[in-house]
Amino acid sequence: MNKEFAKPEEYGLADLLCCAASREVQDNEIVFAGTGLPMVAIMLAQKTHAPNLKLIFEAGTLDGRPPEIPTSVGDARCEMGASRSSGLHDAFSIAQRGYVDLGFLGGAEVDQYGNVNTTCIGDYLSPELRLTGSGGNPDINSFAKRTVFIMVHEKRRFTEQVSYITSPGWRVRNWPGGETVHRRELYGAAYRGGPSAVISTLGVFRFDEESGRIYLDTCHAGNTPEQIRDMCQFDLDISRVSGETLPPTREELHYIHEVLDPEQIFIPKVKPV
Amino acid sequence: MSSGKRITLQQAAEIVKNGSSLTFSGFTIWRRPFALVYELIRQRRKGLHLIEVNGGPQTEFLVGAGCVDIWESCWVGHELYGKYGANLSRKVGNKEILVEDYSHAEMLFRFSAAASGAPYAVTQTSLGTDIHNPAYDTLGNAGLRDGRRIPRHKYRFTEDPFFGAGAQVMVPAAKVDVAILCVQQVGEEGTVRVNGQFYSDPEVARAADVTIVMAEEIVPEEYLRRDSDLNTITSFEVDHILEVPFGAHPTGMFGRYDVDGAFLKDFYGRTRTQEGFDDFAKEWIHGLDHLGYLEKLGWPKMLNLKANTALKYSTGVKRGQ
């Protein structure tokens, strides 16, 4: 299969995000999949560099190998090929037990410490907009060794401090007092790690585990570090940029569009010019 | 042997009183007891307290119709077919509903605790988040924590006293009056066989005081007992049963039919306003019974959603662009 990088006109932004997400997966890992683009990314990893990864769907499919991409994790397409079709108690117990290496998540807002908000915009007690709520976001983020967030990049979404911490980043609140502490101090024996990357529509960000602060790792083609820093409400660390985000290979594009998502449920095909 | 558990949709809805606490089978847009949800809306039930492992279209319909005063859960939306719960969001904005937020695992563990007769569950999830912000205890702020059906506290912290593993959060058992399940098969005596992922159905069925099971088909109990290892819920955990084919529509059912994505998209698009919701309810709920609803959907739509018996999902539905 053709592992050459595709030319810019051959792929779209969703392809780039999907491939960047896929490359976060290592072989033999147990991965917790959410609905949407992450599902394509994980199954892409399964087809390419991580054939032995184990997939868990939150609704209860364990070690899934779906022949067709499920539309959501409760989908009837999850079951076929799995080790077991079970329920949430198994999925969350397995996660709390410490089996999960990596989880893919999303969010409406993220802050400089990787705290994520999917609950509401504005004051919780009088919100400007009520969103979906947490779902399993904080659970996967509490239990997994690493979590990767895939997000639309807008300046209002990359905040200094999220208006509501739905999902715990590296520096979180110690209740009932609410003082900010490193998550290691709170989680005790259950501490396994935390957010390891944010893949936005502009670049890939990582975290310094000690300070808990986010920094820019790679820029997607066409964006400079300074431009991306201007798109954050906090002072983004751009001193550790390692280069440009690698484009999809032709092999990856083949799998995404011909095998995994030919119906274009999650990833639109780029029309040839 | 008939156990006399059979009831009608109307009778099932009457078991849910104004002010009852209520929960459901299923997961987001799969296996939700819609025929009964519609009947509750027709009967104009008020003051419901929904306690759900996760919400979905059933939440949005009941909330939009003004049946719900309190929603305790972690998520509401329509997955790919509507990114958030617009009716809940509108009512939160207008302060017409109380919302108590837990995480997904916390909700699941709360039902597990109730299902095993324990007063609470203990977990390490969601530490450090605003879910545990004491100012955001909605039911406490509203003075509703009576220590009977509504627990005295939203959560409590403790330290592991056995192994020194550090901070733990205790979350209260989810005590509910009624659970309504929507499954593939139930026997005459109440034995349930769920095909595919069973989500949190065993926990919610056991946690509730009254469990109603709505099935695609009521089958001879003896048929299910021939292979009892394939069954999901015990006969005596189920109080009432009813047969309602296509009863989960517009949500899907493994092995039977797919999610009606176009229907959910239409609902999501049209019910951003109360007027929009009322208009939708007039078209699809009021003045219809279940058969009238199916007739309105029509055979071509239902055949399109019908699952392939080998694959367990429909090969006819258009899912993408």
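In this predicted model, the contact between the two chains draws on 54 residues from chain A and 57 residues from chain B. On the chain A side, several elements each supply at least two residues: helix H3 (88-97), strand E9 (129-130), helix H4 (137-143), strand E12 (171-174) and helix H5 (183-187). Sorted by class, the side of chain A that touches chain B holds 24 nonpolar, 23 polar and seven charged residues.

Within chain A, a helix pair is worth a visit. Helix H1 (residues 13-22) of chain A packs against helix H2 (residues 37-47) of chain A at an angle of about 55 degrees, and their axes lie 8 Å apart. H1(A) is therefore oblique to H2(A). The crossing of H1(A) past H2(A) is right-handed. From H1(A), the residues making this contact are Ala14(A), Leu17(A), Cys18(A), Ala21(A) and Ser22(A). Their partners from H2(A) are Leu37(A), Pro38(A), Val40(A), Ala41(A), Leu44(A) and Ala45(A). By class, ten nonpolar residues and one polar residue take part in the contact of H1(A) with H2(A), and no charged ones do.

Helix H3 (residues 57-64) of chain B is mostly covered, with eight of its eight residues buried. After H3(B) comes Gly66(B), which has a positive phi, near 80 degrees.

Key
Residues numbered from 1 in each chain as written. Chains lettered and ligands numbered in written order. Predicted model: local features only at pLDDT ≥ 70, side-chain atom pairs only at ≥ 80, totals over all residues. Contact = placed C-beta atoms within 7 Å. Helix = DSSP H or I, 4+ residues; strand = E, 2+ residues; numbered from the N terminus. Nonpolar A, V, L, I, M, F, W, Y, C, P; charged D, E, K, R; others polar. Buried ≥ 20, exposed ≤ 12 C-beta atoms within 10 Å, placed from the backbone. Axes fitted to C-alpha atoms, helices over the stretch in contact; angles between N-to-C directions. Parallel < 35°, antiparallel > 145°, perpendicular 65-115°, else oblique. Left-handed = near helix turned anticlockwise from the far one by under 90°.
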